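Please read the following briefing alongside the sequence and the coordinates. It takes up the domains, the chain contact, a helix and a nonpolar core in turn.

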Amino acid sequence: MRYYIFSAVILFFCACSKEVIPPGVPSGFIQVKGSDTIVNAAQMLAEKFMADYPYVYVAVTGGGSGVGIAALLNKTCDIADSSRDIKPKEIEMAHKVGVDPKEHIVAFDGVALIVNKKNPLDKLTIRQLHDIYTGKIKNWQELGGSNLPIVAISREVSSGTHVYFKEEVVQLSDKKNKDEFDSKVLLFSSSQAIVEEVAQNASAIGYLGMGYLNDKTKALSLSKDGKDYCFPNIKNVLDKKYPLSRSLLMYTNGEATGINKLFIDFVFSSKGQEQFKEAGFVPLKSDVAQAN
Amino acid sequence: MLLRQIKENIIEFFIRASGFLIIAFVALVFLFLLKDSLVFFSQYSLKSFLLGKQWLPISDPEQFGSVPLVLGSLYVTFFAAMIAVPLGVATAMFIAEAAPRSLKTVLKSSVEILASIPSVVLGFVGIVWLGPIIKNIFHIATGMCGLTGSLLLAFMALPTIITISEDAIRSVPKSYREAAYGLGATRWQALWRVVLPAAASGIIAAIMLGIGRVVGETMVVMMVTGNSPVIPQSIAVPLRTLTATIASEMGEAVKGSLHYESLFAVGLVLFVITFIINFIADLCLHRQKG
């Protein structure tokens with residue numbers, strides 16, 4: 001019996017390796033790694049891409065933007081997804097190990113703030129958010145909500161969204177501001193875990209990419225000045241009216257070549273951009289964004 | 001005859017080599033951790049690492065205070081032990097001394113199944129089921145806290161504690177019990193006053209090994225304890241352990257950066273803690289045999 005299984009495995013591998021690839025058809029293996037925000041969209045892109053190029057295998061993993069960039073520097077991935085810009089320190093590191101990160105803006109995203117559906121609030125200012133995440137506001141009552149302690153949830157430090165949120169909200173986009181997340185803020189290692197916790201906890205608030213919005217939780221409208229409150233939707237992000245709008249990025253080592261270039265080109269094609277829209281993000285071109 | 005001698009020698013050599021290899025592995029792991037930790041301590045003071053109260057690895061300037069992490073780990077471990085030790089030892093006593101044969105088989109295989117549940121599954125159960133229950137029972141702000149972690153970890157330590165304690169209790173010579181009964185002791189008196197003290201060192205070893213497992217467990221605590229790097233005031237608040245810190249930050253830290261090296265220092269602290277626990281367990285086991 002054991003020998004049968006063994007030979008079956010051997011045969012299987014022989015069959016795989018002997019698969020004939022027609023000459024001139026692109027083939028190979030692409031490792032895409034990084035942002036947890038983009039991972040679902042990247043997976044959809046990979047599936048559509050593999051349908052067009054059956055001999056190219058694209059593997060997609062998440063973990064966080066920092067994970068992707070670290071992997072690009074350690075040369076364990078071909079394309080790094082990121083929801084934040086590469087840091088000067090990382091570029092310096094990259095040059096040290098002979099990697100030249102090249103940035104591609106592939107879509108736009110709004111960082112949405114979500115609360116439990118029982119929470120009566122539906123809008124906040126950036127200043128109020130700052131006070132929540134630095135621990136100055138501790139109860140929903142202070143914001144006109146019910147008498148419940150605030151449970152502020154953040155992503156782990158490996159997340160690009162964490163870094164973006166820290167710069168834009170905790171430090172109020174002021175480079176000299178040294179404010180930190182309150183140490184009581186919960187750090188979750190995935191966006192999905194934030195959705196789960198906020199969905200069942202009436203005191204919770206969390207942030208994540210628009211792609212994770214669904215009817216389990218309620219997204220808040222935000223305002224910078226306390227006048228115009230904007231809901232995180234495609235239109236408001238595209239018009240840059242939503243205060244926490246940002247770009248989603250992919251990094252390659254130098255200009256993309258070969259099958260990596262094919263993949264990047266596919267990402268920019270209207271078919272690729274449609275995948276971002278389907279995953280809940282904002283495509284680069286407004287014609288794709290507005291088409292139904 | 002000569003051939004046989006050679007064969008013997010070869011076998012003996014391989015067995016001896018495997019033994020030494022294990023020692024070499026432990027030493028290498030330690031040296032490996034020490035090497036990177038030393039790089040870290042050459043750039044960051046040992047005092048601020050051991051006594052610092054803030055863990056802010058990606059801030060400017062970075063702060064690597066390990067106090068919240070060490071306390072987080074110790075808190076979770078302590079409470080997990082408080083739950084797992086009485087429950088585990090009692091179960092072991094029941095299986096070894098009181099349970100009827102049929103029940104014994106069922107119990108033993110249940111314990112084995114318990115041991116084989118992957119920790120990520122327990123973590124998932126913690127997020128969707130246990131966390132909300134804990135939150136409602138104790139009226140706390142969130143179920144993602146140390147207590148949920150402790151309960152799940154206690155669950156994971158139980159199989160180790162039960163199996164080894166049961167072995168220790170069963171290996172107490174029959175003559176001890178007979179002597180106790182002969183003096184007119186009841187079954188409970190014999191178990192409590194004679195058998196348990198005789199098996200004490202084995203049971204302590206079981207407890208220590210169980211605790212060692214709890215300290216090193218990563219996935220469950222990362223998923224359910226909330227990971228806030230605070231100095232915990234109670235067990236019912238979110239906290240961050242040493243293991244969860246390494247697991248969630250290692251992927252992100254760029255090789256060679258101070259953050260990357262700091263995680264090795266955290267690993268070294270963890271290694272020292274588990275080493276001490278295992279060392280105590282080993283001492284106890286030896287005392288039983290000697």
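In chain A, the centres of domain 1 and domain 2, taken over C-alpha atoms, are separated by 29 Å, with domain bounds that come from an automatic or database domain assignment. This is a predicted model, in which local features need pLDDT of at least 70 and side-chain atom pairs count only at pLDDT 80 or more, while totals for chains, interfaces and linings use all residues. Residues are numbered from 1 along each chain as its sequence is written, and chains are lettered from A and ligands numbered from 1 in the order in which they are written.

**Domains of chain A**
- Domain 1 of chain A is assigned to 2-108 + 247-290, and domain 2 of chain A to 109-245.
- Between them, 22 residues of domain 1 of chain A are in contact with 18 residues of domain 2 of chain A, a contact being two residues whose C-beta atoms, placed from the backbone, lie within 7 Å.
- On the domain 1 side, two or more residues each come from α2 (39-52), α3 (65-73), β4 (101-115) and α11 (286-290) of chain A, and α3(A) gives the most, with three residues.
- Helices (H or I, at least four residues) and strands (E, at least two) are DSSP runs, numbered from the N terminus.

**Chain A as a whole**
- Chain A has eleven helices and eleven strands, and its C-alpha atoms fill a box of roughly 70 × 50 × 45 Å along the principal axes.
- Of the 292 residues of chain A, 46% count as buried, meaning that 20 or more other C-beta atoms lie within 10 Å of the residue's own, with C-beta atoms placed from the backbone.
- Among contacts in chain A with a separation of 6 or more, 70% are between residues 24 or more positions apart.

**Contact between chains A and B**
- The contact takes 28 residues from chain A and 27 residues from chain B.
- The elements giving two or more residues to the chain A side are α3, α4 (88-96), β7 (186-188) and α7 (191-200) of chain A.

- Helix α1 (residues 2-43) of chain B has 42 residues and reaches 60 Å from its first C-alpha to its last, close to the 62 Å expected at 1.5 Å a residue, where the expected span is 1.5 Å times one less than the number of residues.
- This helix, α1(B), is hardly covered, with two buried residues among its 42.
- In the largest nonpolar core, which has 154 residues, L153(B), A157(B) and I161(B) touch the most other members; such a core is a set of buried Ala, Val, Leu, Ile, Met, Phe, Trp, Tyr and Cys residues joined through C-beta atoms within 7 Å.
- Leaving aside residues up to four places away in sequence, A157(B) touches A80(B), A84(B), G210(B), I211(B), R213(B) and V214(B).

How values were computed
A residue is buried if 20 or more other C-beta atoms lie within 10 Å of its own, exposed if 12 or fewer, and partly exposed in between; C-beta atoms are placed from the backbone.
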